[in-house]
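Subject: A structure for you to look at

Hi there,

Here is the structure I promised to pass on. Please open it alongside this message, and my notes follow below.

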Amino acid sequence: MTPTPRLLAAVTLVLATTLYGTITAHAEDDPNDPPGTEPSASAPVEVDPNDPDLKLPDGATLAQAKVLDIKSVVEEQSGDERREDTNTSVTLALQAEVLFGKDSAKLGAEAKSRIRGIADEIRTQNATRVRVFGFTDDLGSSAHGDVLSKRRANAVHDVLSQSLNDAGITYEVRGYGEQYPIADNATEAGRKKNRRVEVSFPRTEP
């Protein structure tokens with residue numbers, strides 16, 4: 001029985017990040033752009049600083065405009081799956097233990113079923129760009145983590161591409177190893193969260 005998701009983080013304002021990279025069929029050997037740090041593709045709304053309705057005090061000026069996005073984060077009670085929604089994109093993170101055996105990149109039947117569920121949502125959103133990023137904890141050598149995360153990202157990509165069977169979708173597939181942890185590697189609970197594969201894609205524009 002699937003646990004009821006619980007809200008981990010309420011609505012948080014963050015800079016929008018929706019610029020996508022190059023097309024790759026499998027994980028790149030030298031990924032340069034960390035996930036979630038790309039500049040926004042949307043321009044700020046223009047505001048006339050001389051508009052009298054702003055009622056600015058004498059001598060006051062408007063601060064530089066920023067593009068803001070609303071992000072909600074929901075995680076299953078088991079921690080097996082973590083979902084981030086913004087106005088522009090969806091990111092689904094699946095823990096490695098849900099998908100793979102220890103030190104393995106082989107997907108079982110249940111794991112493939114979960115990935116096909118993600119493919120259904122990608123199809124619903126009419127997404128044409130999909131990113132698949134693999135991550136590990138910091139145990140073992142960094143080089144081993146890099147290789148394992150690439151193999152796992154490639155395995156998830158293969159199931160997604162077969163399920164979607166759409167030549168119009170391009171993929172960015174990368175393995176980041178122990179880089180960009182989302183939890184503390186000092187505890188097993190934190191390391192478990194960091195061993196993950198993330199699939200992200202844009203929402204359909206209104």
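This is a predicted model: local features need pLDDT of at least 70, side-chain atom pairs count only at pLDDT 80 or more; totals for chains, interfaces and linings use all residues.

First, the overall layout. The chain has seven strands and four helices, and their order along the sequence is β-β-β-β-α-α-β-α-β-α-β. Of its 206 residues, 40% count as buried. Among contacts with a separation of 6 or more, 72% are between residues 24 or more positions apart. The accessible surface is about 11,900 Å², and carbon and sulfur atoms contribute 52% of that.

An α-helix has 3.6 residues a turn, so residues three or four places apart point the same way. Just after α2, N126 has a positive phi of about 55°.

Now the charged pairs. Side chains of opposite charge can pair when their charged atoms come close.

- E81 and R114 form a salt bridge with their closest N and O atoms 3.1 Å apart. This pair links strand β3, where E81 is found, to R114 in helix α2, 33 residues apart. E81 is partly exposed at 22% relative accessible area, and R114 is also partly exposed, at 23%.
- D85 and R203 meet in a salt bridge at 2.3 Å, N to O. D85 is in strand β3 and R203 in the segment after β7, so the pair ties together parts 118 residues apart in sequence. D85 is buried, with a relative accessible area of 13%, while R203 is partly exposed at 26%.
- R195 and D137 form a salt bridge, with 2.5 Å between the closest N and O atoms. R195 lies in the loop between α4 and β7 and D137 in the loop between β5 and α3, so the pair ties together parts 58 residues apart in sequence. Both R195 and D137 are buried.

The R195 and D137 pair also belongs to a network of salt bridges that links E97, D137, E188, R191 and R195.

One more residue to look at is N185, in the loop between β6 and α4. Is N185 buried or exposed? N185 is buried, because its relative accessible area is 13% and the cut-off for buried is under 20%. Its side chain makes a polar contact of 3.0 Å with that of N194. Leaving aside neighbours within four places in sequence, N185 is in contact with D137, D138, R191 and N194. Two of these, D137 and R191, are in the salt-bridge network mentioned above.

Happy browsing, and do write back with any questions.

Best wishes

Conventions: Residues are numbered from 1 along each chain as its sequence is written. Side-chain values use heavy atoms; hydrogens and water are left out. Helices (H or I, at least four residues) and strands (E, at least two) are DSSP runs, numbered from the N terminus. Buried means under 20% relative accessible area, exposed over 50%, partly exposed in between (1.4 Å probe, protein chains only). Contact means heavy atoms within 4.5 Å. Accessible areas come from the Shrake-Rupley method with a 1.4 Å probe; for residues, only the protein chains shown count as cover. A salt bridge is a side-chain nitrogen of Lys or Arg within 4 Å of a carboxyl oxygen of Asp or Glu. A polar contact is a pair of N or O atoms within 3.5 Å; within protein, one must be able to donate a hydrogen and the other to accept it, and residues adjacent in sequence count only if both atoms are side-chain atoms.
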